[in-house]
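Hi,

I am passing a structure on to you, and you will find the sequence and the model just below. My notes follow after that, so please keep both open side by side.

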Amino acid sequence: MDCGLSYTKISLHQSLPLTVKTLLSSSTCSVFNNSSFGTSSVGCRRSLFVVATGSSSSKCEFGGLNTPLEPATPAGRLLSTVLLNDRKYFHVAVQKQLEQLVYERDEAVARMNLSLGSDEAFLHRRIAEVKELECQASVEDIMYMLISYKFSGIRVHLIPRLSKCMYNGRLEIWPCKDWELESIHNCEVLEMVREHLTTVLGWKEKSNVADNWTPTEVQKFKLCQVYAASVLYGYFLKSASLRHHLEKRLDHINPYLDIASYNQLLLSEIRSLGSEIVPFGRISGTQSTSVGQIPLLHEKKQDKLKYYVMNFDPETLQMCAKPKSKEALNLIEKHSYALFGDKNTGLVASDEVILTSLASLKRIVLEAIAFGSFLWDAEEYVRTVYKLKEN
């Protein structure tokens, strides 16, 4: 580790924007210092053309469950083993772990309540607080394993810690898996994903091979910020596209409902759609109110998702973009720092520059967007059993 580097740890609560408009316009969403990738004024681009081909010298291993964030709880380690060795049993194992956590947390709270006014009240309150923290850590691990399950379903491995993916001083992610990562989106969402790539990377749909693989220097810290912001954007797209789908469907059923009836019918419609929209093929229970919490204006809906989102008021925009639970927000932060941070400290060098390519940057951002989409799914899945902390 370079002793001359300064390290910084940022908090998502403070540094990342809460609305997508801010996210896309923020200067932190550009990986490059002064210009977009691909323009002639980018001084850090070089004429050297090198492609890492997976030599044995490279440590970037995509086999198994080589995720940057390792499960830290018994529940997480159990599910990682099940995912690797008995995938068909995975959901059964997840259900059992969640139910066990609910039982343990409720039991600790019940004992605390029974001890109120007694000499043991303080002790049982501390036990309940410790159990709450243990359960939160376990739930975050479970959500992470659910996300890993979704990635395995499209045959994509999460990028390992970036320090393992350096080859002769250069970061290259290969294979890119662009098609698989784009396949999870419908056409309208994919259009917005590609616009995001253009915004944060200067990516062009018809980029040639030379543009894709020409070495370029980027700040690691800024790339970490772009990754975390792209996770939030993927989360937003999943929430907004679901809302758009449901509102169009309800407008088709009855365009003249009052607001109260419209909202009630919307929630009923969510439950009736079943596996068509519900994550992991499960119907969300009464605790899952992510769409119902969003204020709905009964007016003519835009047919196209892009223009529909552009008409969001600030409150609706923020509610779609903001993770609903503290567990989800913590997971974004922990995963981002595990991917980009120092192995020992978890911090990201604020002035470290890495050499990479547009192709690898695109892979990183596409993964982040998919991670956000799968995080939305995982959060909804868990909420059907376990009460998460409101963010």
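Which hand does the crossing of helix 3 and helix 5 have? The crossing of helix 3 and helix 5 is right-handed; a crossing is called right-handed if the near helix is turned clockwise from the far one by less than a right angle, and left-handed if anticlockwise.

Before going further, a word on how to read this. The model is predicted, so local features need a pLDDT of at least 70 and side-chain atom pairs count only at pLDDT 80 or more, while totals for chains, interfaces and linings use all residues. Residues are numbered from 1 along each chain as its sequence is written, and side-chain values use heavy atoms, with hydrogens and water left out.

**The chain as a whole**

The chain has 14 helices and six strands (DSSP runs numbered from the N terminus, H or I of at least four residues for helices and E of at least two for strands). Of its 391 residues, 50% count as buried; buried means under 20% relative accessible area, exposed over 50%, and partly exposed in between, with a 1.4 Å probe and protein chains only. The chain exposes about 18,500 Å², and carbon and sulfur atoms supply 52% of that area (Shrake-Rupley method with a 1.4 Å probe; for residues, only the protein chains shown count as cover). Among contacts between residues at least 6 apart in sequence, 86% join residues at least 24 apart; a contact means heavy atoms within 4.5 Å.

**How some of the helices pack**

Two packed helices are described by the angle between their axes and the distance between the axes. The axes are lines fitted to C-alpha atoms, for helices over the stretch in contact, and the angles run from 0 to 180 degrees between N-to-C directions. Angles under 35 degrees count as roughly parallel, over 145 as roughly antiparallel, 65 to 115 as roughly perpendicular and the rest as oblique.

Back to the pair from the opening question. Helix 3 (residues 74-85) and helix 5 (residues 121-153) pack at about 15°, with their axes 8 Å apart, and are therefore roughly parallel to each other. Helix 3 brings Ala 75, Gly 76, Leu 79, Ser 80 and Leu 83 to this contact, and helix 5 brings Ser 138, Asp 141, Ile 142, Met 145, Ser 148, Tyr 149 and Ser 152. By class, that contact has six nonpolar, five polar and one charged residues (Ala, Val, Leu, Ile, Met, Phe, Trp, Tyr, Cys and Pro count as nonpolar, Asp, Glu, Lys and Arg as charged, and the others, Gly among them, as polar).

Helix 3 also packs against helix 4 (residues 90-114), at an angle of about 170° and with the axes 9 Å apart.

From helix 5, Gln 136, Val 139, Glu 140, Met 143, Tyr 144 and Ile 147 meet Glu 327, Ala 328, Asn 330, Leu 331, Lys 334 and His 335 of helix 13. This contact holds six nonpolar, three polar and three charged residues.

**Backbone points in the loops**

Most residues other than glycine have a negative phi, and most peptide bonds are trans. A cis peptide bond joins Trp 174 and Pro 175, with omega about 0°. Pro 175 sits in the loop between strand 3 (170-171) and helix 6 (178-182), and Lys 177 is found in the loop between strand 3 and helix 6 too. Lys 177 has a positive phi of about 60° although it is not a glycine, and is partly exposed at 25% relative accessible area. Arg 155, in the loop between helix 5 and strand 2 (166-167), has a positive phi near 60° and is exposed, at 68%.

**Two residues to look up**

Is Ser 360 buried or exposed? Ser 360, in helix 14 (residues 358-383), counts as buried at 0% relative accessibility. Leaving aside neighbours within four places in sequence, Ser 360 is in contact with Leu 171, Glu 172, Ile 173 and Trp 213.

Gln 318 lies in helix 12 (residues 314-321) and is partly exposed, at 30%.

Best wishes
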